[in-house]
Amino acid sequence: MRDAIVHVLDGRPSGATAHEISDEVSRLIGKVPPSSVRSYLQLNTPALFARMDRGQYALNGFEDTVARPLAAPAASPREFTHGGAQLVLSDCNEWFERQSPNSMHAVVTDPPYGLVEYSEGEQDKLRSGRGGVWRIPPSFDGVKRAPLPRFTVLKAGDLDALERFFLAWGRSLMRVLVPGANVVVASNPLLSHLVSGSLARAGLERRGELVRLVMTMRGGDRPKAAHVEFSGVSVMPRSMWEPWLLFRKPIDGRVQDNLRKWGTGGFRRISDARPFGDVIESSPTRAAERRLANHPSLKPQAFLRRVVRGVLPLGQGVVLDPFAGSGSTLAAAEAVGYSSIGIERDPRYFDLACEAIPALADLRVTEAPRPGDGDQAR
């Protein structure tokens, strides 16, 4: 029980009430009497826990392991709404603490893979075109290429911070999700194992991966400064796919029970004849979309709408994007008729998303029809 209580409070630096702690502990390790949790908290305060003014308990003497990749958001809270989409300027972990438990039905998000690339210093370098961790690829056939983060330059300390960040984030996220909620997290082959391990340790249930089949500019290069000598060598394979990690908050009973109670626990089929699949063919984000939302990690609407539509098995609930960026996930949700909430802590990306969400949501997306696609979203 001690480990379960520490697990709960480690993801909530501001503390939690004994009732909240008891509920979370029971979800983690099975039914535990609330009186036992209260007794343990009282007996081990102040050795392990600290009692706060509002009747809440917090860890005492433990480091707050949450990484803070960007500067704090503006003091005055800002929100933007468009149709069923709501965008909030905030740090997502702080926002989680203000939400009711069991209030979000799915997550589709493209987080900072390595944290470093979205630190304030690296973002300034990116915006000034000076690179840093961001590689600015050369133009090709007169087309300006989008910048790419170079994750091979991350140091051991950066990787440790990455694991700590996603562990704390996963624990905070668990509280606001309903049982059976799908969590779809964009990643890349170099770092996905670290993110996946942290989310599993946070209590989320790993359910596999989505494979986005897409040709990118990453990899395939010959050895730097020795490209003539080793002309037949590629240092890394040319990237032709992108992993999106699949997790689920543990279900409440059987899948059918969870679907009846919470409306979650599976994926929405593409049609009666065709289930939701884990391999999705995708083009790189087209120039027309980038003109609407100039974000370095913008994903195409054709791909996002397919994923977003699939994460709510009954087509009901709220899709959450805790790292909203340009608001592309919210735009995809709006396009398929779902309610959504996005959290973005960078005021410049927040302003970008306010303009991009309506434009991307209205964008006509064409995909090659496939047998059995049925009612696939436009």
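The largest cavity is lined by 30 residues, and Asp-110, Phe-323, Ala-324, Gly-325 and Glu-344 are those nearest its centre. The model is predicted, with local features requiring pLDDT of at least 70 and side-chain atom pairs counted only at pLDDT 80 or more, while totals for chains, interfaces and linings use all residues. Residues are numbered from 1 along each chain as its sequence is written, and side-chain values use heavy atoms, with hydrogens and water left out. A cavity is a set of points, on a 1 Å grid over the protein atoms alone, where a 1.4 Å probe fits but cannot get out, and lining residues have an atom within 4 Å of a point.

The structure holds three cavities of 30 Å³ or more. The largest cavity contains about 370 Å³ of space, the volume being that filled by probe spheres set on the points, which are joined across faces, edges and corners. Two or more residues of its lining come from each of β6 (104–109), α11 and β14 (339–344); helices (H or I, at least four residues) and strands (E, at least two) are DSSP runs numbered from the N terminus. The lining comprises 16 nonpolar, eight polar and six charged residues (Ala, Val, Leu, Ile, Met, Phe, Trp, Tyr, Cys and Pro count as nonpolar, Asp, Glu, Lys and Arg as charged, and the others, Gly among them, as polar).

Helix α11 (residues 328–336) also packs with helix α10 (residues 301–311), their axes coming within 8 Å and crossing at roughly 65 degrees. Axes are lines fitted to C-alpha atoms, for helices over the stretch in contact, and angles run from 0 to 180 degrees between N-to-C directions. α10 and α11 are therefore roughly perpendicular to each other (65 to 115 degrees; angles under 35 count as roughly parallel, over 145 as roughly antiparallel and the rest as oblique). Gln-301, Leu-304, Arg-305, Val-308 and Arg-309 of α10 make the contact with Ser-328, Thr-329, Ala-331, Ala-332, Ala-333, Ala-335 and Val-336 of α11, contact meaning heavy atoms within 4.5 Å. Seven of the contact residues are nonpolar, three polar and two charged.

Helices α6 (residues 156–176) and α7 (residues 192–201) pack at about 35 degrees, with axes 8 Å apart. In this pair, Leu-159, Leu-162, Glu-163, Phe-166, Leu-167, Trp-169 and Gly-170 of α6 meet Leu-194, Val-195, Ser-198, Leu-199 and Arg-201 of α7. The contact divides into eight nonpolar, two polar and two charged residues.

For helices α1 (residues 2–10) and α2 (residues 18–29), the axes come within 9 Å and cross at roughly 120 degrees, which makes α1 oblique to α2. Ala-4, Ile-5, His-7, Val-8 and Leu-9 of α1 contact Ile-21, Glu-24, Val-25, Leu-28 and Ile-29 of α2.

Methods: 1 Å grid on protein atoms, 1.4 Å probe; cavity = no way out; pocket = protein on both sides within 12 Å on 5 of 7 lines; lining within 4 Å.
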